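Here's a quick briefing to read with the structure open.

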Amino acid sequence: MTSSRNLNRFWEWGRKIICVGRNYPDHAKELKNAVPTEPVLFLKPSSAYVTEGSSIMVPFYSHNLHHEVELGVVIGKGGTAIPQNAAMDHVAGYALCLDMTARDVQDECKTKGLPWTLAKAFNTSCPVSEFIPKEKIADPGNVKIWLKVNGQLRQEGNTSQMIFSIPFLISYISEIITLEEGDLILTGTPKGVSSVQEHDELLAGIEGIVSMKFRVDRPQ
Ligand SMILES: O=C(O)/C=C/C(=O)CC(=O)C(=O)O
Ligand SMILES: [Mg+2]
């Protein structure tokens, strides 16, 4: 059966955003976390999406909002317990994503043993680029992602540094959470995360493929 909805606007589907944390050893180390032996997972709601032309809003309860640039994988065919060797058949394409994180709130949640929802799942916490069809990225396990704040390079990494590969993540996640068409998987961030302020301009890209620009604002 063909879908009536357009995957080019996957953010309008209201599907799950599944995030992988600590998937780059250099980022795990910069936040003084152990390098994981199993994927660390958390979720964002679809209300977290924001696309170019709209601003990233600093949550009113945070004073330390961080950028995390990440490669996003857009699911084209759903499934449960997808074997690794079939995982890439379930990918429709990609998007460059930011996992905006209220780091002060996350630190507090970690200290208190509470979930990261307030730190990771607030409105506008998931800026995304245009949809990138699968054929445009020959090897998603070897692309350079980068992010600048006000013209200054803050993050630069290669997806080859990921601890858990995209096929492994699709297989691992789908055993626990059934994947559906239109879902997005954020695959983790490389080192260099840092604070952003109201009026900052964030420019991020996948080398040779896409770039996107967002402004940071604070609710009045
Ligand atoms: O454990 C921490 O202090 C922070 C972890 C994250 O925010 C994980 C990510 O979202 C990531 O690595 O991309
Ligand atoms: Mg992240």
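Helices and strands here are DSSP runs, with at least four residues (H or I) for a helix and at least two (E) for a strand. Keep in mind that this is a predicted model.

**Annotated span**
- An unreviewed UniProt entry puts the feature "domain: Fumarylacetoacetase-like C-terminal" at residues 16–216.
- That span, residues 16–216, comes out at 15% helix and 35% strand, and its end C-alpha atoms are 24 Å apart.

**A three-stranded open sheet**
- The strand order is S8-S5-S14, and the pairing is antiparallel.
- S8 (101–102) and S14 (195–196) are the edge strands, each with a single partner, so one side of each has no neighbour in the sheet.
- S5 (residues 65–66) is joined to S14 by two bridges.
- On the residue level, His 66 has Ser 195 in S14 as its bridge partner.

**Gln 155**
- Gln 155 sits in strand S12, which covers residues 152–158.
- Gln 155 counts as buried because 21 other C-beta atoms lie within 10 Å, and the cut-off is 20 or more.
- Beyond its neighbours within four places in sequence, Gln 155 is in contact with Val 69, Trp 146, Leu 147, Pro 190, Gly 192 and Val 193.
- Ala 28 is 127 residues away from Gln 155 along the chain, and their C-alpha atoms are separated by 14 Å.

Notes
Residues are numbered from 1 along each chain as its sequence is written. Chains are lettered from A and ligands numbered from 1 in the order in which they are written. This is a predicted model: local features need pLDDT of at least 70, side-chain atom pairs count only at pLDDT 80 or more; totals for chains, interfaces and linings use all residues. Two strands pair if DSSP finds at least two bridges between them. UniProt positions are given in the numbering used here, feature names are shortened, and annotations may be inferred rather than shown by experiment. A residue is buried if 20 or more other C-beta atoms lie within 10 Å of its own, exposed if 12 or fewer, and partly exposed in between; C-beta atoms are placed from the backbone. Two residues are in contact if their C-beta atoms, placed from the backbone, lie within 7 Å.
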